[in-house]
Amino acid sequence: MNEKNQERDVYVAIADPTRRKLLSLLANAEELPLHELTAQFQMGRTAVSKHLAILKEVGLVADRKVGRETRYRLNAAPLREIKDWVTFYEKFWQDKVVLLKKLLLEE
């Protein structure tokens, strides 16, 4: 299944290392213009724009026009879904480690 045909969600959006780097850059700034984001990658403006469009589609990035420039900012709210999912499994594994320690102490 190619990427254009997949229903995009937050998990798909952050699966790509380029998009994760974009999120990281945006997390460290209030807002960044496309040209500053593009300067951080060895790819063209169009490729970076496509990655930003995917992030925007799932709500992780918002943009606004300032004259002829497009500026981007992070909207981290959709990442809560991932945090909640990881937290569930973190507790699962912590419980398993506690059980393993208990079994090892009994032996």
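**Working through the model**

Analyst: Bearing in mind that this is a predicted model, we can begin with T18, which counts as buried because its relative accessibility is 15%, under the 20% limit.

User: Where does T18 sit, and what is it in contact with?

Analyst: T18 lies in helix α2, and, leaving aside neighbours within four places in sequence, T18 is in contact with F41, M43 and H51.

User: OK, now the core. Which residues have the most contacts inside the largest one?

Analyst: The largest nonpolar core has 18 residues, and those with the most contacts inside it are L37 and L52. Helices α1, α2, α3 and α4 each supply at least two residues of this core, with the largest share, four residues, coming from α4.

User: And what does L37 touch?

Analyst: Not counting residues up to four places away in sequence, L37 touches L22, L25, L26, L32, V48, L52 and Y72.

User: Switching to charges, how many salt bridges are there?

Analyst: The structure holds six salt bridges. One of them joins E31 to R64, with the closest N and O atoms 2.7 Å apart. E31 lies in the loop between α2 and β1 and R64 in strand β2, so this pair ties together parts that are 33 residues apart in sequence.

User: What does D95 pair with?

Analyst: The side chain of D95 meets that of K91 in a salt bridge of 3.1 Å, N to O, and both residues lie in helix α5, four residues apart, about one turn of the helix. D95 is partly exposed at 42% relative accessibility, as is K91 at 48%.

User: Last one, T70: what does its side chain pair with?

Analyst: A polar contact of 3.1 Å joins the side chains of T70 and K65. T70 lies in strand β3 and counts as buried at 14% relative accessibility; beyond its neighbours within four places in sequence, its contacts include L32, P33 and R64.

Key
Residues are numbered from 1 along each chain as its sequence is written. This is a predicted model: local features need pLDDT of at least 70, side-chain atom pairs count only at pLDDT 80 or more; totals for chains, interfaces and linings use all residues. Side-chain values use heavy atoms; hydrogens and water are left out. Buried means under 20% relative accessible area, exposed over 50%, partly exposed in between (1.4 Å probe, protein chains only). A polar contact is a pair of N or O atoms within 3.5 Å; within protein, one must be able to donate a hydrogen and the other to accept it, and residues adjacent in sequence count only if both atoms are side-chain atoms. Contact means heavy atoms within 4.5 Å. A nonpolar core is a set of buried Ala, Val, Leu, Ile, Met, Phe, Trp, Tyr and Cys residues joined through side-chain atoms within 4.5 Å. A salt bridge is a side-chain nitrogen of Lys or Arg within 4 Å of a carboxyl oxygen of Asp or Glu.
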